Amino acid sequence: MQFIPWQNIADWHCKACGYCCKLYSVVLDFTEWLRIAKTFGMEKTVAGLDRFYIKRVSDGSCAFLCNHTNNYYCGLQNMKPEACKLWPFKVLSEPKYGQPNQAAYDYGGMRLYIYADTMCSGLRCGTPTWDFRYTTIREFAELALGVRQVQYKTTRAVAFRQQQWGRRLFP
Ligand code: SF4
Ligand code: SF4
């Protein structure tokens, strides 16, 4: 896991490769756990010592990861946990991963520090495009701050495709 500051990234678009959903355990807060357990059953979650997780299936993937013609989609979408909404970015109050000037992002009078996990294949390095700087990163900052709940620049478009052909996949 290696993090780079957002100002070293030209753009980001999810390629639906599914790596993130295969590699990491998703931590749930209590509210997220309750919604998922009530909707899909407690068996889709796992209780740890002091936190809840989404269950992983035998190959290590998230129990909600769906595959359609080698594109991987999230079966939770509008119930997606915050950790998944924010991936592959980390929005922090301190420059934990270095290069503070490159990671700095000012929002509403607050100084945030935003990094991305280089494991994500949807990142393109370079000088931030206008769209990435003023819409994508802003959306991630707002998601992290709780100012917004709905995703547009993240995997939101996938939800639409799921509605077209996904009822079979996501009953
Ligand atoms: S967020 Fe990145 S790692 Fe995850 S599915 Fe999309 S492109 Fe792949
Ligand atoms: S909840 Fe969705 S986005 Fe999160 S790990 Fe599972 S399939 Fe991936």
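Predicted model: local features only at pLDDT ≥ 70, side-chain atom pairs only at ≥ 80, totals over all residues.
Which residue in S7 is the bridge partner of His68?

**View 1. The hairpin of S6 and S7.** Strand S6, residues 65–68, and strand S7, residues 71–74, pair in the antiparallel sense over 4 bridges. The bridge partner of His68 is Asn71, which belongs to S7. Between the strands of this hairpin there are 2 residues, and Thr69 takes a positive phi near 45°. Most residues other than glycine have a negative phi.

**View 2. The open sheet of S3, S5 and S4.** Here 3 strands, in the order S3-S5-S4, form an open sheet with antiparallel pairing. S3 and S4 are the edge strands, since each of them pairs on one side only. The pairing of S3 with S5 is antiparallel and runs over 2 bridges, and within it Leu28 has Phe52 of S5 as its bridge partner.

**View 3. Helix H2 and its two sides.** In helix H2, which covers residues 30–40, Glu32, Trp33 and Ile36 are buried. Seen down the axis of H2, the buried residues fall within an arc of 100°, so they line one face of the helix. An α-helix has 3.6 residues a turn, so residues three or four places apart point the same way. What covers the buried residues of H2 includes strand S3 (27–28), strand S4 (45–47) and strand S5 (52–54). On the other side of H2, by contrast, Phe30, Thr31 and Lys38 are exposed. After H2 comes Gly41, whose phi is positive, near 100°.

**View 4. The residues around ligand 1.** Ligand 1 is surrounded by 13 residues, and the closest are Cys14, Cys17, Cys20, Cys120 and Gly122. Sorted by class, this shell holds 9 nonpolar, 3 polar and 1 charged residues.

**View 5. The residues around ligand 2.** Around ligand 2 stand Cys21, Val26, Ile54, Cys62, Phe64, Leu65, Cys74, Leu76, Lys80 and Cys84. By class, the shell around ligand 2 divides into 9 nonpolar, no polar and 1 charged residues.

View 6. Ala16 is partly exposed, because 18 other C-beta atoms lie within 10 Å. Gln99 is partly exposed, because 15 other C-beta atoms lie within 10 Å. Most peptide bonds are trans.

**View 7. Gln2 and Tyr115.** Gln2 has its place in the segment before strand S1 (3–5). How far apart are the C-alpha atoms of Gln2 and Tyr115? Although these residues are 113 residues apart along the chain, their C-alpha atoms are separated by 9.4 Å. Is Gln2 buried or exposed? Gln2 is exposed, because it has 9 other C-beta atoms within 10 Å, and a residue counts as exposed at 12 or fewer.

Notes:
Residues numbered from 1 in each chain as written. Chains lettered and ligands numbered in written order. Near = placed C-beta within 6 Å. Nonpolar A, V, L, I, M, F, W, Y, C, P; charged D, E, K, R; others polar. Buried ≥ 20, exposed ≤ 12 C-beta atoms within 10 Å, placed from the backbone. Arc of directions from axis to C-beta. Contact = placed C-beta atoms within 7 Å. Pairing = 2+ DSSP bridges.
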